[in-house]
Amino acid sequence: MTISVALVGTGNAGRLALTQLIDDYRFELVGVCVNNPDKVGVDAGILAGSDSATGVLAVDDLGAIVERSPDVIVYCAMGDTRPIDAFNDILMIVSAGIDVVGSAPGGLQYPWGVMPDKAIAKLEKTAHDNNASVFITGVDPGFANDLIPFVFAGTCQRIEQIRCMEIADYATYDGAEVMFDVMGFGKPLDETPMLFLPGILGLAWGTTMRLLAAGLGITIDNVIEHHESEPAPEEFEIAAGVVEKGTRAAVRFEIIGMSGEREAVVIEHVTRLRDDLRPDWARPSQPGGCYRVEIVGEPSYRVDIMPTSAKGDHNHAAIVAALGRIVNAIPAVHDAPAGIRTTLDLPLVTGNGVFVGAGAPTGEVGLR
């Protein structure tokens, strides 16, 4: 049965979700909500980068989208800089008995032990009262550091540590708000960006810590944060703007989840704006970037995930992967029990419906 869907947010993430929502035979797109006034009244097909009209015109009123009563709303609005607003949006949606899958707010990937108990209880009660489910995910935090580690952890006889890494060049990422305001690139090294304020790293990746701990049956007793930055040796330009000499041009940070005296779960990021910066930090296994999962145990593993795309570089491919995970989870979330759902709750999402070739419903990748 076709699932009626609406999309909220058409930025770097939402636009890619929109492409699949339009083309995938499993879904009927019934609404699009935007924040940019220039996009209001624009056909969804145009917003997705297509020349084909869908007849679905963008609006800037979430309430109007909710009134259309889709089965599921795909929520891809910015959550990093507006977590409370994003949470309230999700609350409004589930109050109407509509399921949610999306990329924000990140705390809902696994909120227990991360978000205030009062907020969790409010959303859970609203979801249960209105028979609605919520599933929030991404790539990192997201499937690269929950789904992938769990797959390999399930083959181990003993585990001492799980480390999940993102090693990437962000020079081609054009999200200025994330790059400059959240991560502090292009800013003086003595200026603390939002990401490095005390507790923010642990909050942002606390969902991953708690989710992995829950799946492994351990307790995270303490979270340690560490970060370091490297200045630009000269002025240079990136997709999001200009990075002046001496300002932040590379960062490395760790969020270490302690179980007793052991560094049980570690999230590490190495983010450069130029490949030649800090060659002593971890290097990606393909040009541009990769995600890496390292398990110390019996057996031990080092698994590199290297997303690529015919339509863009590693940064584009990673966003496509995150949105593929989100959109392909829609049927499972729509069928799931009410409440906040996580990777631990959902059945294996196999990509049913997106295979190209013989046996596909239309002979193409879920296309009508």
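User: Start with Arg283: buried, partly exposed or exposed?

Analyst: Arg283 counts as partly exposed, at 31% relative accessibility. Buried means under 20% relative accessible area, exposed over 50%, and partly exposed in between, with a 1.4 Å probe and protein chains only. Before going on: this is a predicted model, in which local features need pLDDT of at least 70 and side-chain atom pairs count only at pLDDT 80 or more, while totals for chains, interfaces and linings use all residues. Residues are numbered from 1 along each chain as its sequence is written, and side-chain values use heavy atoms, with hydrogens and water left out.

User: Which side chain does Arg283 meet in a salt bridge?

Analyst: That of Asp275, at 2.6 Å from N to O. A salt bridge here is a side-chain nitrogen of Lys or Arg within 4 Å of a carboxyl oxygen of Asp or Glu. Asp275 is partly exposed, with a relative accessible area of 47%.

User: How many salt bridges in the whole structure?

Analyst: A search of the whole structure gives 19. One of them pairs the side chains of Glu228 and Arg278, at 4.0 Å from N to O. Glu228 is in strand β7 (residues 222–231) and Arg278 is in the loop between β11 (262–272) and β12 (289–298), so this pair ties together parts that are 50 residues apart in sequence. Helices (H or I, at least four residues) and strands (E, at least two) are DSSP runs, numbered from the N terminus.

User: Is Glu228 buried, partly exposed or exposed?

Analyst: Partly exposed: Glu228 has 25% relative accessibility.

User: What about the backbone at Arg278, what is its phi?

Analyst: Near 45°, a positive value in a residue other than glycine. Ser69 also has a positive phi, near 55°, and Ser69 is not a glycine either. Ser69 lies in the loop between α3 (62–67) and β3 (72–75), and is exposed, with a relative accessible area of 53%.

User: Back to the charges. What does Arg274 pair with?

Analyst: Glu234; their side chains meet in a salt bridge at 2.9 Å, N to O. Arg274 is in the loop between β11 and β12, and Glu234 is in the loop between β7 and β8 (236–238), so the two tie together parts 40 residues apart in sequence. Arg274 is buried, at 18% relative accessible area, whereas Glu234 is partly exposed at 41%.

User: Where is His269, and is it buried or exposed?

Analyst: His269 is in strand β11. At 3% relative accessibility, His269 counts as buried. The C-alpha atoms of His269 and Arg252 are separated by 5.5 Å, with the two residues 17 apart along the chain.

User: New topic: how many disulfides?

Analyst: Zero in the whole structure, where a disulfide is a pair of cysteine sulfur atoms within 2.5 Å. For Cys76, the nearest cysteine sulfur is that of Cys33, 12 Å away. For Cys290, the nearest is that of Cys164, 12 Å away. Cys76 counts as buried at 8% relative accessibility, and Cys290 counts as buried at 1%.

User: Which peptide bonds are cis?

Analyst: Among them, the one joining Ala104 and Pro105, with omega about -5°, and the one from Asp140 to Pro141, with omega near 0°. Pro105 is in the loop between β4 (99–102) and α5. Pro141 is in the loop between β5 (133–136) and α6 (147–153).

User: How do α4 and α5 pack?

Analyst: Helix α4 (residues 83–95) and helix α5 (residues 117–129) pack at about 20°, with their axes 8 Å apart. That makes α4 roughly parallel to α5. Axes are lines fitted to C-alpha atoms, for helices over the stretch in contact, and angles run from 0 to 180 degrees between N-to-C directions. Angles under 35 degrees count as roughly parallel, over 145 as roughly antiparallel, 65 to 115 as roughly perpendicular, and the rest as oblique.

User: And at what angle do α1 and α10 pack?

Analyst: About 50°, with the axes of α1 (residues 14–23) and α10 (residues 314–328) 9 Å apart. That makes α1 oblique to α10.
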